[in-house]
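Dear colleague,

Please find below the structure that I am handing over to you.

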Amino acid sequence: MEVRISSMRLLVFVPIILFTSQLWAQDSLVYKEAYTIRYENDLFARRDQYYSQGIFLQYDHLDINLKWLNKFFFKVPDIQRSLQTGVTQKVYTPSSITSDTLLLGDRPYAATYGYTAKFSARSKSKNYILSWSLNTGWIGKPAFGKETQTAIHRWTNNEKPLGWEHQINTGLSINLSFGYTKMWFTNTKWLRIEGTSFTTFGTLTNETRALGILKLGYISNQKQYFIYYNPEARLVVYDGTLQGAIFVKPSEVRVATSQISRLISEQEFGFKIVHNHFSCSAYGHFQSKLFKNAANHAWGGIGFSYYF
């Protein structure tokens, strides 16, 4: 059956809504559209440093077929097209937020804000996905990191962050990503295994990632209850949140190129529940050190979705 959405709905929601860091292949659901909100914070791991928080808003259409839009998807056999679009704000801080002086050798204050559109072409018969995405946005003051973190700390009665005048210089973020995902055990209701690799290049991020996802639980097209484990390896060429955007005057607070860790390992553990039109998820994320003299880091996240 051909599924269509109006151009007006697409034009309304595409400009205002995440490209989630959870790059899962969407299991087949009876529902075709979803709205998601997700929040991450290292306070869930009883820390307040490095990657401090992230706010994600997302719209998904899981089986889209619009003639004017179809040309943006890779061609695969027995295709199912999925469009994911949204906005993301991420906030980064040094290991201490109580000093208003420049902390050389530490992670600099930085914030990013970006809009992403991701086009995924799934071969239902071959169980793989070819995808690409475009992210545009800002790093620096236009991302309102200082304002967001200060407000949240005020609402939660935590100490006011100091030192945001030393954040990474403002720069334009334009990044392209290309990915491949392979899925196994898609006909079972209790197990899923996925492997994904993707490469990103642009003015803010240049890296290659390889990750896997193991899901255990009950997984059907209408109800899902599962736990998951997501290991990841990341080869970093350039990290703009540490070094500043390319083509921008170098920030005095940037981490020197020689100090950057080139191979990063990450792990995530969590659960997800999909029941009727709603879903919720919670997870913990662990990351190895990003630069010399840094510490390992961890944070947690929660997410909620509405399907229709």
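**The barrel and its strands**

Strand β1 (residues 33–41) runs antiparallel to β2, and nine bridges join the two. Here two strands count as paired if DSSP finds at least two bridges between them, and strands (E, at least two residues) and helices (H or I, at least four residues) are DSSP runs numbered from the N terminus. Please note that this is a predicted model, in which local features need pLDDT of at least 70 and side-chain atom pairs count only at pLDDT 80 or more, while totals for chains, interfaces and linings use all residues. Residues are numbered from 1 along each chain as its sequence is written, and side-chain values use heavy atoms, with hydrogens and water left out.

Taken as a whole, the twelve strands form a closed barrel in the order β1-β2-β3-β4-β5-β6-β7-β8-β9-β10-β11-β12, with antiparallel pairing. Neighbouring strands of this sheet are turned by 20° against each other on average, direction ignored; the axes behind this angle are lines fitted to C-alpha atoms, for helices over the stretch in contact, and angles run from 0 to 180 degrees between N-to-C directions.

**The chain overall**

The chain holds four helices and twelve strands. Its radius of gyration is 20 Å, close to the 19 Å that the globule rule gives for 308 residues, so the chain is as compact as a globular protein of that length. This radius is taken over C-alpha atoms, and the rule is 2.2 Å times the number of residues to the power 0.38. Along its principal axes the C-alpha trace spans about 60 × 35 × 35 Å. Of the 308 residues, 54% are buried (buried means under 20% relative accessible area, exposed over 50%, partly exposed in between, with a 1.4 Å probe and protein chains only).

**Salt bridges**

A search of the whole structure finds seven salt bridges, each being a side-chain nitrogen of Lys or Arg within 4 Å of a carboxyl oxygen of Asp or Glu. One of them joins the side chains of K32 and D63 (3.8 Å, N to O). K32 lies in the loop between α1 (7–13) and β1, and D63 in the loop between β2 and α2 (67–70), so the pair ties together parts that are 31 residues apart in sequence. K32 is partly exposed, at 26% relative accessibility, whereas D63 is buried at 18%.

A salt bridge also forms between E194 and K215 (3.3 Å, N to O). This pair links strand β7 (residues 191–202), which holds E194, with strand β8, which holds K215, 21 residues apart. E194 is buried at 5% relative accessibility, and K215 is buried at 1%.

R234 forms a salt bridge with E207, their closest N and O atoms being 3.1 Å apart. R234 belongs to strand β9 and E207 to strand β8, 27 residues apart. Salt bridges that share partners join E207, R209, E232, R234 and E266 into one network.

With kind regards
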